[in-house]
Amino acid sequence: MGIKNIKNIKNIKNTLILLITISLIYYIFNKYKNYINYKNYNKKILTLNDYKKYNVIKRSNLKNMNYVVDTNVHFRPYGGEANNFSKTINFLRNSNILMCIITGIGQRLPLDSKCHYYLDCPGVPVKPSIINDVLNAVDYKEYRHLFENDMIVILSMSFLDLHKPEKIPLFIELLDNEFPGLFKCVGEVNLCKEILINNKVSCIPKEIIPKWKSFMKFLEIRKLPIIIHSDIGNNNNNLKYIDLFKTVCDLYPNNKIIWTHMGLSKELTNMEPYEHLNIVSTFLDKYPNLYIDITWRILYDNIFKYKNKRDIYIPFINKYYNRILPGTDFVNSILKNQEIYKLEHDLTSYILNFVDNNAYRHIALGQNFINIFELKGLTAPYVID
Ligand SMILES: [Zn+2]
């Protein structure tokens, strides 16, 4: 080997080291640059662009501490007229929502009913119906130009009559034919919502649940999460219905299931926090595809606004940070408006002021939402103090 060759090898080595150093500096600079950007903002409102690259944000620089992900917003009411779609999308946009799941409603009042809410018409039967899903899908297509550039909107089908599972595949096929690929989620459906007994809806009998097999397989293959309302029990018998939900989890462990309101309701308000959390964590530990949501203001009204109870829930939320979704559970009747949406958003967000940065990023800033729907190219900003 000549001296010239040795010199050449040395030159190549030096060039390589130089190139690696330059790339390293460039990489670190870019990472740090995003951080500097945020440091320079006085107060920052997040946009979807902040999710398209690696970002770090100081928590105190966020202008609004409310969540940006509403995973349970019913664009249709139980009965009567709804606020129109574009107006409702603006309710969300004005509260800085970047991602949402639009649902119909599990059961609706008859079309000629004067009531907007089932409680206003006791004794009148509410029934699962495909109407809300169709109306939502038509609106989605018509108004998509209003949100497709700055919001992620997931449409959820909520017609499912869990009492008559044999009919469900037929209706899914129908929606698929009319709106191919549009529905990416299922629910909110009611496995057991005790209050609806007044409107002639019973909890699903345990022996019907195995008959869900064919549609649950379809959801599993299509990776469609299903949002299930299932009361744990009531104030007289705290655990009255828990076996129903357990049966679903046991029979369908491969389905992504979102258990709404952590199994609580207006009829179950006296459960001891430790006992409640013991049940929910046992479920979360046993079923890895199970998620819970902290939607509906009743959680604030009955738990989160009280410091002594809240302090028990915060370590739980920090621990199960990657299994929890936030949302309003807003029901969009014509009687509702921007202020009510904002209030429900404020109240259901309240607890997230107290969780750690990691939980805040996953729940409030939407990393869990991104993971569940496997949204490519999006990452929630990392959060620091
Ligand atoms: Zn519910």
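These legends walk through several close-up views of a predicted model.

**View 1. Strand E8 and its buried side chains.** Strand E8 covers residues 290–293.

**View 2. E8 between its pairing partners E7 and E9.** Look for strand E7 (residues 257–259), which pairs with E8 in the parallel sense over 3 bridges. Here Trp259 has Ile292 of E8 as its bridge partner. Strand E9 (residues 324–325) also pairs with E8 in the parallel sense, over 2 bridges. In that pairing, Asp293 stands opposite Leu325 of E9.

**View 3. A β-α-β unit built from E7, H7 and E8.** Follow the chain from E7 through helix H7 (residues 273–286) to E8, and you trace a β-α-β unit that is right-handed. On the way from E7 to H7 lies a loop, and His261 is found there. His261 has a phi near 55 degrees, a positive value in a residue other than glycine. Most residues other than glycine have a negative phi. Is His261 buried or exposed? With 24 other C-beta atoms within 10 Å, His261 is buried, because 20 or more such neighbours are enough for that label.

**View 4. Helices H7 and H9 side by side.** Two packed helices are described by the angle between their axes and the distance between the axes. For H7 and helix H9 (residues 307–319), the axes come within 10 Å and cross at roughly 20 degrees. H7 is therefore roughly parallel to H9, since angles under 35 degrees count as such. The crossing of these two helices, H7 and H9, is right-handed.

**View 5. A cis peptide bond at Glu188.** Zoom in on the peptide bond from Gly187 to Glu188, which is cis, with omega near 0 degrees. Most peptide bonds are trans. Glu188 itself sits in strand E5 (residues 183–192).

**View 6. Asn96 and its positive phi.** Asn96 lies in the loop between helix H2 (85–94) and strand E3 (99–103). Its phi is near 65 degrees, a positive value in a residue other than glycine. Asn96 counts as partly exposed because it has 16 C-beta neighbours inside 10 Å, a count between the limits of 12 or fewer for exposed and 20 or more for buried.

Terms used
Residues are numbered from 1 along each chain as its sequence is written. This is a predicted model: local features need pLDDT of at least 70, side-chain atom pairs count only at pLDDT 80 or more; totals for chains, interfaces and linings use all residues. Helices (H or I, at least four residues) and strands (E, at least two) are DSSP runs, numbered from the N terminus. Two strands pair if DSSP finds at least two bridges between them. A crossover is right-handed if, with the strands pointing away from the viewer, the path from the first strand over the helix to the second runs clockwise. Axes are lines fitted to C-alpha atoms, for helices over the stretch in contact, and angles run from 0 to 180 degrees between N-to-C directions. Angles under 35 degrees count as roughly parallel, over 145 as roughly antiparallel, 65 to 115 as roughly perpendicular and the rest as oblique. A crossing is left-handed if the near helix is turned anticlockwise from the far one by less than a right angle, and right-handed if clockwise.
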